[in-house]
Amino acid sequence: MSGSRDRRRKPEWLKMRPPSGERFTEIKSTLREHDLHTVCEEASCPNLGDCWSGRNGPGTATFMLMGDRCSRGCNFCDVQTGGMEPLDPDEPANVADAVAEIGLDYVVLTSVDRDDLPDQGAEHFAETIREIKDRDDSILVEALTPDFRGDLDLVDTVAEAGADVLAHNVETVDRLQWPVRDRRAGYEQSLAVLERYAESDAYAKTSLMLGVGEYDHEVYQTLSDLREVGVDIVTFGQYLQPSTRHLEVFDYVHPDKFETWRAVAEEGLDFLYCASGPMVRSSFKAGEFFVEAVARDDADVATAREQARARSD
Ligand code: SF4
């Protein structure tokens with residue numbers, strides 16, 4: 001465990017620019033027109049300004065499927081719990097419409113957990129992937145999914161829908177699954193989902209937060225376990241407390257430490273790509289440029305890493 005409990009003042013490396021500009025307004029109005037949610041807004045992502053303002057390319061947004069209320073209550077997450085609405089059957093087509101209107105060539109889809117539904121929303125998620133791909137197969141789709149309580153038939157429903165990247169977040173090390181995540185989540189359960197995704201043609205990806213009290217040897221063990229089940233891409237970002245009702249920040253991890261974990265993951269454990277930095281989130285500067293380089297430009301891994309880094313800086 002590095003550093004000490006320091007949650008009063010954020011260090012200078014955690015400052016972000018507020019959202020602004022024409023592109024930001026365009027994306028916001030298109031989303032409202034199609035009655036769509038994003039994890040950017042619902043989880044109060046600090047990078048919204050950068051992403052929606054297109055400061056790093058055509059602009060990107062992470063669509064959050066199945067409503068803005070989750071059946072679970074993870075202690076790090078700002079999404080509201082309980083009171084879920086019935087699924088909107090038009091959502092898959094609405095998302096595909098918005099993607100075309102905004103002109104996205106890389107789309108990240110995520111969702112709340114819907115333990116309340118018979119298939120936990122697996123078919124709805126898969127339908128959204130298919131809607132986008134049926135309209136334009138050149139659009140790269142990253143599906144960041146729930147764990148479907150480890151039901152591998154439901155996991156397969158999404159895995160077979162044609163996404164280019166299949167992601168599920170393990171979030172933290174085994175010892176801290178509770179209290180960081182909802183009790184229905186679990187380390188072995190998440191590894192089983194990722195192993196299934198790694199068996200598909202898509203890239204398998206996961207993310208961890210740092211700064212919730214993890215020890216270095218636990219992070220290394222987690223990386224080894226992820227590599228063992230075949231995960232290709234891993235990201236590390238700093239946990240930030242959404243409100244005083246949420247888990248406290250245990251420490252603000254220095255950017256040098258993030259760089260160390262990147263090197264361990266890529267050079268030590270042969271992950272294809274590791275995006276690691278205080279402001280890295282599951283879908284911000286988090287490998288999309290790497291995937292574009294390998295999937296679209298057929299670049300080799302070393303070249304793709306270089307290109308991705310150059311575009312992310
Ligand atoms: S499962 Fe947890 S992390 Fe995901 S949206 Fe629900 S509360 Fe947030």
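Which residues in H4 meet which residues in H5? The legends below take up this question and several others, view by view. The structure is a predicted model, in which local features need pLDDT of at least 70 and side-chain atom pairs count only at pLDDT 80 or more, while totals for chains, interfaces and linings use all residues. Residues are numbered from 1 along each chain as its sequence is written, and side-chain values use heavy atoms, with hydrogens and water left out.

**View 1. Helices H4 and H5 pack against each other.** Helix H4 covers residues 91-102 and helix H5 covers residues 122-135; helices (H or I, at least four residues) and strands (E, at least two) are DSSP runs, numbered from the N terminus. On the H4 side, Glu91, Pro92, Ala93, Val95, Ala96, Asp97 and Val99 meet His124, Glu127, Thr128, Glu131, Ile132 and Arg135 of H5, where contact means heavy atoms within 4.5 Å. The residues of this contact between H4 and H5 divide into six nonpolar, two polar and five charged; Ala, Val, Leu, Ile, Met, Phe, Trp, Tyr, Cys and Pro count as nonpolar, Asp, Glu, Lys and Arg as charged, and the others, Gly among them, as polar. The axes of H4 and H5 are 8 Å apart and form an angle of about 35°, the axes being lines fitted to C-alpha atoms, for helices over the stretch in contact, with angles that run from 0 to 180 degrees between N-to-C directions.

View 2. The axes of helix H8 (residues 187-198) and helix H9 (residues 216-228) come within 10 Å and cross at roughly 35°. Aspartate 225, in helix H9, counts as buried at 18% relative accessibility; buried means under 20% relative accessible area, exposed over 50%, and partly exposed in between (1.4 Å probe, protein chains only). Residues up to four places away in sequence aside, aspartate 225 touches Tyr187 and Leu191. From C-alpha to C-alpha, aspartate 225 and leucine 191 are 7.9 Å apart in space, although 34 residues separate them in sequence.

**View 3. Threonine 206 sits in strand E8.** This strand covers residues 203-210, and threonine 206 is buried, with a relative accessible area of 0%. Not counting residues up to four places away in sequence, threonine 206 touches His168, Asn169, Val170, Leu194, Leu226, Val231, Ile233, Val234 and Thr235.

**View 4. Helix H11 and alanine 308 of helix H12.** Helix H11 (residues 288-296) is largely enclosed by the rest of the structure, because seven of its nine residues are buried. Those buried residues are Glu288, Phe289, Phe290, Val291, Glu292, Ala293 and Val294. Alanine 308, in helix H12 (residues 301-312), is also buried, with a relative accessible area of 0%. Leaving aside neighbours within four places in sequence, alanine 308 is in contact with Tyr273, Phe289 and Phe290. Alanine 308 and valine 291 are 8.4 Å apart in space, C-alpha to C-alpha, and 17 residues apart in sequence.

**View 5. Backbone angles at glutamine 120, arginine 149 and proline 179.** Most residues other than glycine have a negative phi, and most peptide bonds are trans. Glutamine 120, in the loop between strand E5 (106-111) and H5, has a positive phi of about 55° although it is not a glycine, and at 6% relative accessibility glutamine 120 counts as buried. Arginine 149, in the loop between strand E6 (140-144) and helix H6 (152-159), has a positive phi of about 50°, and at 40% relative accessibility arginine 149 counts as partly exposed. A cis peptide bond, with omega about 20°, joins tryptophan 178 and proline 179, and proline 179 has its place in helix H7 (residues 177-180).
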